Each structure stands twice: as structure tokens, then as C-alpha cells.
Amino acid sequence: ACGWLKRALAADKGECPMRALEQYANYRVRLAADEWYKARRLASASREAARATQVAAIETAIRDLDILCGQAPTVERMNLLGSAYKRLAQVESEGERRLAALAEMARQYGRAFARKRDAYAFTNRIAATLLAERRTDAEDTESRADLLRELDALQREVARRNADDPNFWDGASLADLALTRLLLERATPRPRSATVDESAAQVLDAYRDAAGRTASPREVASLAENIAFLVELWPVRDKAVHRILDRIREGLQ
């Protein structure tokens, strides 16, 4: 698909819709992340060369999306930018550049959510924010209580919609919202309680329910990719969350 889009853009004559430009950038980002995944076990020098190549590829795609979004900002383009920065955070090594990618991921998904209240943008924004916080030991000024109220409202909306018309994507959104609640609770500086364990059971059930729907391999893969992102970037010292994420990932394979 990426080759077809590239040829369409390079044609002397013809029409290329904006959707093709968006998806061309998105495919390049995904391809770069896949190439980095394959290169991670190379020897150090080769691995770092591959990292630099794929970071450059993602940054080029981000610039293209920035141009489109600057001229005509849409929710889809903001979400694509958020997704691009999400993959950039995965490819970057630990440090300031990864932190900057997470901050930009949160910003772009926040822009998308401000335009359209949607569980996808909300959960990705919170994930990026929490991952950045865990690297700086500085809690965001945004009230946890406010975030949980917003999360409650989204859960009610999605659950109502899913009850009327059960479907994979609403089921996946409910699972992502349940996981986001757990991560928010886990990141709150307070004595641990049974709440996290209770939430863990709810999260696992929600993902099993979503994966059990009539879903395509691509749809299930989209869930697995998000869990892999969290596994890679969530602090290793939080073993309880990693155990839960590993169990979710195993259930999606």
C-alpha cells in the first residue's frame, strides 16, 4: 500500500485525495516502527544506526502531517500526529528525546479530544502524560479527580452505545478506559489498596470480551500494539502493572 501511495503522489497527472496523503504518512511511520522492531537485537553500532534511520523517517512523516494539519486541522490528522509521536517515543532511546516525543503525543491527542470527545484520544493522551510523569517524578497539574470524572462519563457513553449496538471498537474502548483507570490509580501517590487489584480483574475481563468479539486480525493487532507500547515504556519498577500488561498481551496473541 505504501508503494502505491508513493506512485500516486509522484504521478505527473491524476488526482490524489488528502486521505491518501494522510495514509502515506501513517504507513511510513508504521513501517519505520516495524523496521526498528526488527533491528533491536542487532549489535550496538548497527542498532543505533537503524534507530537513527527510523527516527529520521518518522520525523519526515511528522513534518508532512504537520503541514496538512496546519493548513486544515482535523481530528483524524491530530490523531495521526499523536500516533506518529507515540511510535517515535518507542523508537527513541530513553532520555530527553523520548520525553519530548511523549509530551508531543499527549498534546496532539489532547487537541483531538478537545475537538471530539472520544475514548481513543483520551486514553492515549493520559497514557502519554503518565509515562512522561513517571520519568520526571512530577505529577501533572491536571486534577486526577477531574480526569476520573471525565473517564467515568466516557465509560457511560461508550457502554450505552455498545449496549444498543455491540461492536469490537466500543468493546476495545471500554477495555482501554478500564486500563487507563488502573494506570491513573497506580500512578497516584497514595498507599496501595485493593482498588488496583479489583481494577486489574475488570481490565482483563474487558480485553477478553473485546478480543472475543468477531474481530479481524488487524483489529486485535491494534489492541496488542497499544499494550506493547505500554509494556515497553511503563517503568520496570512497577512490577504489578507489568504483570497485568503481560497477561493482557498473552490473551491477545
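The model is a predicted one, and the values reported here were computed from its atoms. Of the 253 residues in the chain, 48% count as buried. The secondary structure consists of 11 helices and zero strands, so that, by the definition of helices and strands as DSSP runs, the chain reads along the sequence as α-α-α-α-α-α-α-α-α-α-α. Among the contacts between residues at least 6 apart in sequence, 65% join residues that are at least 24 apart.

The packing of two of these helices was examined in detail. Two packed helices are described by the angle between their axes together with the distance between those axes. Helix H8, which spans residues 168-187, packs with helix H11, which spans residues 239-251, at an angle of about 170°, and the two axes lie 11 Å apart. Because this angle is about 170° and angles over 145 degrees count as roughly antiparallel, H8 is described as roughly antiparallel to H11. The crossing in which H8 passes H11 is left-handed.

On the H8 side, the residues that take part in the contact are Leu-179, Leu-182, Leu-183 and Arg-186, and these meet Ala-240, Val-241, Ile-244 and Leu-245 of H11.

Technical notes: Residues numbered from 1 in each chain as written. Predicted model: local features only at pLDDT ≥ 70, side-chain atom pairs only at ≥ 80, totals over all residues. Heavy atoms only, no water. Axes fitted to C-alpha atoms, helices over the stretch in contact; angles between N-to-C directions. Helix = DSSP H or I, 4+ residues; strand = E, 2+ residues; numbered from the N terminus. Parallel < 35°, antiparallel > 145°, perpendicular 65-115°, else oblique. Left-handed = near helix turned anticlockwise from the far one by under 90°. Contact = heavy atoms within 4.5 Å. Buried < 20%, exposed > 50% of the residue type's maximum accessible area, 1.4 Å probe, protein only.
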